[in-house]
Amino acid sequence: MMESCKMKDSLSSHLSRREALKILGLSPITAELLFSHTEAEAAEDVKGKIVIVGGGAGAIMALSRLLRSIKNPDITVIAPNDIHIYQPGQVFVAAGEMQERDLFLNNADYIDTEKVNWIKDEVERFDPKNNQVRTRGGKEVVYDYLIVATGVVYHYERIEGLTKEDIGKNGISSVYLSDLAKGTAQGGPITWRWFNDLKDAAKKGRPKVIYTQPNTPIKCGGAPQKILMLSADYLKQDNLAADYYFCTANKKLFHLPEVDAELHKVQQRYDKIENRFSHYLKAIDVKNKKATFIHAYEKDVYDEDFDTHEKVSVSENVVMDYDFIHIVPPMSPPDAVVNSELANDAGWLEVDKFTLQHKRFENVFGIGDVCGIPMGKTGGSARHHGPILVKNLIEVMKGKKPSEKFDGYTVCPLKTQYGKIIMAEFNYKGPAPTISFLSIEKPRWMWWFFDLYMLEPMYKYLMLRGLF
Ligand SMILES: Cc1cc2nc3c(=O)[nH]c(=O)nc-3n(C[C@H](O)[C@H](O)[C@H](O)COP(=O)(O)OP(=O)(O)OC[C@H]3O[C@@H](n4cnc5c(N)ncnc54)[C@H](O)[C@@H]3O)c2cc1C
């Protein structure tokens, strides 16, 4: 009894409203009831034409917040897609816990064409010097302020020998595979079939399975390991195992030491995972099931003549056989961004990592995965970008300097097994757990419950509406 009182006290003194919502659970109905009454009148009386390019998580979060903040705003959205995908659910589809049809959201529910001009097209060219963009359909759209929210594109074609049609055949899968234009997120169901094919193979022998992670930034940096650990656990449930190889361009499992150490510990559950760091997939021989990796590393070279040691960059090809392979494609912003003056040298939107304002064009801001900033490409980051971006944009519209600062918040829900997640939350400074008294590295069932059952309604009813 004492114990439970103590626990209650400590909980109430630690819990913020946000934390409480997470723990208590938010059904769609409670979410609507709670928040329909707290809507404030849009108060900011600022003028100017705002163009938002994109129709995914970041664009919609920015739009909802702008509509809530600015009186009679003049906003144009340029996005070709009628639907968008609840992408965190793709991993759950791959693991057989959700259905592909659960992932689709109707953009018309969020882009109210009575208040907003929606051009259903893609931007083909950004011309920030003249404050205009051109669409594929040939429309020139001028703006006073621009928000770039195009996300990233997948480059399966950069893996020699691979075509998208190969995915789902010959032991190849990729959870990321999706096609917004066709309204499919087929990577999830393909990977679930792959889990089951792998299990069938493990009943007959010991398959060799490779999981890849490319040498570009990727959205949801944890997804390659989520697929590794969930598929290994799926086999383990039937006392089956395989030889698992995690081939990643990174040098560690995770950049935070406590999470990295825990992931190594978790890997011991599965017999046996071999990590191949600094390896990224270059080519694949689909017919003969051979994958060629580039192993890029630094070697210490001794020069006898001068008696000195020198670090030399080495890049060698490593060919590996496999029975099954899960491929994560290289990623980049779409060409329209990469080839524009808005891009940095690596092709990403060149925004300030704190204010999200473009470094050279003051009337341009970014949100979501397209931003060339050092932290995370996640929906969780985009949610934190939203309020910062909107406040800073309004300040610029008032002729002021942007003062709000993004702290780098990113969240990576690492599924270590069915029923457990490490909720790795961090920012530019280090660990940043939302529930401050819980260590970030511990796998917990409550995070599985939260991620599988609560996050999707929160995304749909709160985050996309700019309420959370
Ligand atoms: C498998 C997987 C698992 C994930 N798991 C998680 C997770 O657990 N937690 C988490 O927080 N995040 C997760 N994410 C990441 C998260 O979904 C993304 O970070 C988030 O969707 C980024 O939003 P965005 O708006 O930047 O991009 P997107 O949501 O991808 O939207 C980009 C939009 O831009 C449009 N567009 C592209 N080019 C143009 C153009 N030229 N003109 C006009 N429009 C254009 C597209 O049509 C699209 O509408 C996951 C992602 C994947 C794929």
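This is a predicted model: local features need pLDDT of at least 70, side-chain atom pairs count only at pLDDT 80 or more; totals for chains, interfaces and linings use all residues.
Residues are numbered from 1 along each chain as its sequence is written, and side-chain values use heavy atoms, with hydrogens and water left out. Local features need pLDDT of at least 70 and side-chain atom pairs count only at pLDDT 80 or more, whereas totals for chains, interfaces and linings use all residues.

The domain assignment divides the chain into domain 1 (40-80 + 120-152 + 333-408) and domain 2 (156-331). These bounds come from an automatic or database domain assignment. The centres of domain 1 and domain 2, taken over C-alpha atoms, are separated by 33 Å. Contact between the two involves 6 residues of domain 1 and 6 residues of domain 2. Contact here means heavy atoms within 4.5 Å.

The largest nonpolar core contains 146 residues. Such a core is a set of buried Ala, Val, Leu, Ile, Met, Phe, Trp, Tyr and Cys residues joined through side-chain atoms within 4.5 Å. Buried means under 20% relative accessible area, exposed means over 50%, and partly exposed lies in between (1.4 Å probe, protein chains only). Ile 50, Phe 126, Leu 146 and Tyr 244 have the most contacts inside the core. Helix H11 (residues 445-463) gives the most to this core, with 10 residues. Domain 1 and domain 2 both give residues to the core, so it lies between them. Helices (H or I, at least four residues) and strands (E, at least two) are DSSP runs, numbered from the N terminus.

Empty space was then examined. Rolling a probe the size of a water molecule over the atoms shows where empty space is left. The search used a 1 Å grid over the protein atoms alone. A cavity is a set of points where a 1.4 Å probe fits but cannot get out. A pocket is an open set with protein on both sides within 12 Å along at least five of seven lines. Lining residues have an atom within 4 Å of a point. Grid points are joined across faces, edges and corners, and a volume is the space filled by probe spheres set on the points.

The second largest pocket holds about 620 Å³ of space. It is lined by 27 residues, of which Gln 213, Ile 218, Gly 221, Asn 250 and His 255 are the closest to its centre. Strand E21 (residues 410-417) gives the most to this lining, with 4 residues. By class, the lining has 14 nonpolar, 11 polar and 2 charged residues. Ala, Val, Leu, Ile, Met, Phe, Trp, Tyr, Cys and Pro count as nonpolar, Asp, Glu, Lys and Arg as charged, and the others, Gly among them, as polar. Domain 1 and domain 2 both give residues to the lining of the second largest pocket, so this pocket lies between them.

The structure has 1 cavity of 30 Å³ or more. The largest cavity holds about 30 Å³ of space. Its lining is made up of Met 423, Glu 425, Pro 433, Ile 435, Leu 438, Ser 439, Ile 440, Arg 444 and Trp 447. These divide into 6 nonpolar, 1 polar and 2 charged residues. Leu 438 is in the loop between strand E23 (430-431) and H11. At 16% relative accessibility, Leu 438 is buried. Beyond its neighbours within four places in sequence, Leu 438 is in contact with Pro 433, Arg 444, Met 446 and Trp 447. Leu 438 and Met 423 lie 15 residues apart in sequence and 9.8 Å apart in space, C-alpha to C-alpha.

Tyr 245 sits in strand E13 (residues 243-248). Tyr 245 is buried, with a relative accessible area of 10%. Leaving out neighbours within four places in sequence, its contacts are Lys 208, Val 209, Ile 210, Tyr 211, Lys 272, Glu 274, Arg 276 and Met 320. Tyr 322 is 77 residues from Tyr 245 in sequence, and the two are 9.4 Å apart in space, C-alpha to C-alpha.

Lys 272 also takes part in a cis peptide bond with Asp 271, with omega about -5 degrees. Lys 272 is in the loop between helix H8 (257-267) and strand E14 (273-276). Most residues other than glycine have a negative phi, and most peptide bonds are trans. Lys 289, not a glycine, has a positive phi of about 50 degrees. Lys 289 is partly exposed, at 26% relative accessibility. Asp 307 has a positive phi of about 55 degrees and is exposed, with a relative accessible area of 54%.
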